[in-house]
Amino acid sequence: MSVIARESLVSAASNLTTATDDVKLGYLWRVCLIAAMGGLLFGYDWVVIGGAKPFYEPFYGISASPFLQGLAMSTALIGCLVGAVASGAVSDRHGRQRPLIASAILFTVSAIGTALAPDFVTFNIARLIGGIGIGLASSLSPMYIAEVSPAAMRGRFVSINQLTVVLGILLAQVINWLIAEATPAGATPQELVESWNGQFGWRWMFGAETPLALAFLLLLFTAPESPRWLLKAKRREEARLVLARVGGDGYANNAVVEIESSLSDAHETAAGFAETFDASTRPIMLLGIGLVVLQQWCGINVIFNYAQEVFAAAGYDISGIMQTIVLTGVVNLLFTLIAIATVDRLGRRKLMLWGSGGLALLYALLGWTYYREITGAPVVVLVIAAVACYAMTLAPVTWVVIAEIFPNHIRGAAMAVAVFSLWLACTVLTFTFPYLNWSLGAHGTFWLYSAICMSGLVFIQRRLPETNGKSLEQIEAEMAASRQ
């Protein structure tokens, strides 16, 4: 990009960020909430298996096999990796709306298939299908919202996707809690199999996702295609009409000029994965990958995926664990709401710094409580504080940043690489926790996560610029200028 062209684009983008007085908030909320339902299903599908775990394991006879237990928990992760890789190619070729429709179909098939699975193989196939849906939705939902939203309010709207993820997590926790009947202490695997929970309860936990998936599928047919993809596909008038419905004719005309300028400068209408790592885009890709890996390796998902082990080590029985899990979900929701209210006022960089630093401190303290064998309320307070810190910072803001920083002409492929990296990091986290917990103890494991968060603090301080209040094209131009 030439200096003159870049300065012209930055100037036009600066004008555009102020040309949003006529934003149609009702329409914008509607389309963003529809897209964000992908996050709702992502959250539900991701967490529901934790509540069903004590019952489907004895039903399928895998309670004594750590390998088969791990397989059941990780099959969806494999699907996530597949869906994330596929999202780049399908979104560049077919847009954002149609792949989201495909994800809704996959969620529906998975929910029904898992609930009705007669054997362990069918169960894992259904979970794999749902994982592909998660991989698609986790990449496409925030990208779609970022491409539709005006710059001045993009942060809060992309954060809605994280809010729906959190709502999905809480919904799964509450539904699991409501469906599960009381289980006698010390029940044998055979008694669990013969109980209502063992025969039917865990199936209803998975099946309850079906109405949500069908609603997502139907509503997507009323949502428009991303205007930035439409312009990339040379469908100018369709893109202008979508932008006019968002911000009025003046906003639409300015946005079309700005987006077309960034696309024409790229000399591309599509990009492959190789181009995402060429000399001009490699620093941005490494920034995005570093942020998503930090979001996972900060360790908070261990609390959601291995809540039973975390709270059992703190002295809680099964009933206390279930109640505490719901409490973490409520806190997660409340602080995500705070994030939505603050992300466009406080900025992305500041919240990311606060999150990594805060988690480093809280994990250091949490490791100390385990080291000193302190149990009960002090552990729960620190866990709740860590969930709150994560929910207000790294959880939503990472999605906002990666939806913003990639150039228009590679955004689909770049988001696919970033989301693939996120799920790969999540897979590593999920598989390594039992081994870390066994070899380092709970205290050493959380001290390790504390060190990772401190490293993340340094990385963000050095590499992440502030993107708050800037159009996607302005961010692209400024980051290109910073590499000159």
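**Exercises on a helical model**

Helix α6 gives four residues to the lining of the largest cavity, the largest share. The model is predicted, so local features need pLDDT of at least 70 and side-chain atom pairs pLDDT 80 or more, while totals for chains, interfaces and linings use all residues. Residues are numbered from 1 along each chain as its sequence is written, and side-chain values use heavy atoms, without hydrogens and water.

**The largest cavity**

Task: Find how many cavities of 30 Å³ or more there are, and what lines the largest cavity.

Solution: 
- Start with the rule: on a 1 Å grid over the protein atoms alone, a cavity is a set of points where a 1.4 Å probe fits but cannot get out, and lining residues have an atom within 4 Å of a point. Points are joined across faces, edges and corners, and the volume is the space filled by probe spheres set on them.
- Next, count: three cavities reach 30 Å³ or more. The volume of the largest cavity is about 210 Å³.
- Two or more lining residues come from each of α2 (25–60), α6 (154–179), α12 (282–297), α13 (300–305), α18 (394–405) and α19 (411–463). Here helices are DSSP runs (H or I, at least four residues) numbered from the N terminus.
- Finally, sort the lining: eleven residues are nonpolar, six polar and none charged. Ala, Val, Leu, Ile, Met, Phe, Trp, Tyr, Cys and Pro count as nonpolar, Asp, Glu, Lys and Arg as charged, and the others, Gly among them, as polar.

Solution: 
- Now look along α19: a kink of about 110° is centred on L440. The bend at a residue is the angle between axes fitted to the seven residues ending there and the seven starting there.
- Back at α12, G299 just after the helix has a positive phi of about 95°.

Task: Describe how F59 and W202 are arranged, and say which parts the pair ties together.

Solution: 
- Rings of Phe, Tyr and Trp (its six-membered ring) pair if their centres lie within 6.5 Å; planes under 30 degrees apart are stacked, over 60 edge-to-face, and the rest tilted.
- The model has 19 aromatic pairs. The pair of F59 and W202 is tilted, with 5.6 Å from centre to centre and 55° between the planes. Since F59 lies in α2 and W202 in α8 (residues 196–207), the pair ties together parts 143 residues apart in sequence.
- W202 is buried at 0% relative accessible area, and F59 is partly exposed at 24%. Buried means under 20%, exposed over 50%, and partly exposed in between (1.4 Å probe, protein chains only).
- Both residues belong to one cluster, formed by Y56, F59, Y60, F120, F123, W202 and F206.

**Positive phi in loops**

Task: State where K234 lies and whether it is buried or exposed.

Solution: 
- K234 sits in the loop between α10 (227–232) and α11 (236–266). Its phi is near 65°, positive in a residue other than glycine.
- K234 is exposed, at 66% relative accessible area.

Note on methods. 1 Å grid on protein atoms, 1.4 Å probe; cavity = no way out; pocket = protein on both sides within 12 Å on 5 of 7 lines; lining within 4 Å.
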